[in-house]
Amino acid sequence: MKLTANEQAMLEGKYGAGAALAMEIQVAIGESFDAERMVEITRAHVATSNQEADTWFAEKLLLGGAYCKIRPTVNPGFNLKYFQQISEVAEEDAKMMERTHNTYKGLGAVLTYDCTPYLGSNIPHLGEIIAFSESSATPYVNAVWGARSNREASQSALCAAITGVVPEFGLLLDENRKGDILVRVEADMKSDFEYQLLGFTGKKIGIGVPVFVGLPAKISPEALMNLGAQLNTSGAFGMYHIPGITPEAPTPEVAFGGKKPVREVVITNKDLKEILEYFSPASGTIEFALLGCPLLTISQVRDIALVIENKKLKVPMFVLVNSLTKELAKRMGYLDAIREAGGHLVEDTCMDQPPFWHSFKGKVGVTESPKCAFYMNRREMTYIVRDIETCVEAAIKGEVK
Ligand code: F3S
């Protein structure tokens, strides 16, 4: 790669060992993808996981004197204070959360603890070059906002935030952003929930940049959030096009850059039904409900509050949101409605964190998110997947139909 004098100086340690390591990693990534140069970024989002390897890496950079030139937003860990009030938190888990918090604070990150920064705290504009990690975030910034980000790892996004540059390859270049798979959606897309199921057809769609046709003209931010999260659970998609929504794709022809699609995939109601059946264990009895993967928006919290008002939950229910949404829910009365029913509205927390692994191991729950259900199998939990309203009704009855 051809580096500028300043990038070369960073690589050679002029700005400290941490920045040099970050640049070394980015040069290696760039060379692997035949990038010719670095380009400056203006935003970053780091998908912190609050797990040992991730925090160890960030600590290594901090100990090397690194500080973020572009201050990134970060993913949720878990809300230590909240969980210490309602249950016991193992000392090692508490220490890990404190380490993660202190490390990213030291690196200069903006501690949003939110996996949906593209809806509020970190919104790019058309054509902006950025470094975003996180499953729903990368497709959203590319396909909905028209910004340019590769599908970064948590670590490469952190390196980019420190150096202020990324190697120029992949989705940063015009030619790689064009669609190549035509995805004809014949399924009935009645609500935001169908986008969870559509996203989970990533394996059928296959490798490439999909262009979705046949979708309704109006699609909510929540539906697009769901679509991206599930596409990157069932496959790997940094970019897609929805003509009329994706700024670079007013029409399917423009989305394909004037070329013919390399293949066509049709998604029907049968495909969506099969996904739902995959996440529907034989028994309908549930022991808990966990909603918010990705973290829910205020309008989704409102939907929950409307179902739950003046009712009592039979099983524990956790609703995960970012701290702004929690504050709004408090002001708007939704927090009281959820609490009075016996539920928890928790900010800053990802469902893939120790308070949930320890409490619900071996149990059956209900969630709105195939991503949550899919990954939680690793933690020995079983999830039934349903739309948000059905999940809440299931928590009230202790069973799901
Ligand atoms: Fe967000 Fe954690 Fe799910 S980061 S998308 S709540 S796995």
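**Close-up views of a predicted model**

**View 1. The start and end of helix H19.** At the start of H19, a side-chain oxygen of Asp 387 comes to within 3.2 Å of the backbone nitrogen of Glu 389. This model is predicted. Gly 398 follows H19 and has a positive phi, near 85 degrees.

**View 2. The buried residues of H19.** Helix H19 spans residues 388–397. Its buried residues are Ile 388, Cys 391, Val 392, Ala 394, Ala 395 and Ile 396. What covers them?

**View 3. The largest nonpolar core.** This core holds 91 residues. Which of them touch the most other members? They are Leu 158, Ile 162, Leu 198, Phe 212, Leu 215 and Tyr 240. Helix H7 (residues 154–163) gives the most to this core, 6 residues. Another core lies apart from it and has 30 residues, including Leu 296, Val 319, Tyr 334 and Ile 384.

**View 4. Contacts of Leu 158.** Leave out residues up to four places away in sequence. Leu 158 then touches Val 46, Phe 57, Ala 58, Leu 61, Cys 68, Tyr 104 and Leu 107.

**View 5. The shell around the ligand.** Among the residues around the ligand are Asn 75, Cys 115, Glu 134, Cys 293, Met 351 and Lys 371. By class, the shell has 6 nonpolar, 2 polar and 2 charged residues. Strand E10 supplies the largest share, 3 residues. Where does the ligand shell lie? Domain 1 (5–174) and domain 3 (279–397) both give residues to the shell, so it lies between them.

Key. Residues are numbered from 1 along each chain as its sequence is written. This is a predicted model: local features need pLDDT of at least 70, side-chain atom pairs count only at pLDDT 80 or more; totals for chains, interfaces and linings use all residues. Side-chain values use heavy atoms; hydrogens and water are left out. A nonpolar core is a set of buried Ala, Val, Leu, Ile, Met, Phe, Trp, Tyr and Cys residues joined through side-chain atoms within 4.5 Å. Buried means under 20% relative accessible area, exposed over 50%, partly exposed in between (1.4 Å probe, protein chains only). Helices (H or I, at least four residues) and strands (E, at least two) are DSSP runs, numbered from the N terminus. Contact means heavy atoms within 4.5 Å. A polar contact is a pair of N or O atoms within 3.5 Å; within protein, one must be able to donate a hydrogen and the other to accept it, and residues adjacent in sequence count only if both atoms are side-chain atoms. A residue is near a molecule or strand if one of its heavy atoms lies within 4 Å of it. Ala, Val, Leu, Ile, Met, Phe, Trp, Tyr, Cys and Pro count as nonpolar, Asp, Glu, Lys and Arg as charged, and the others, Gly among them, as polar. Domain bounds come from an automatic or database domain assignment.
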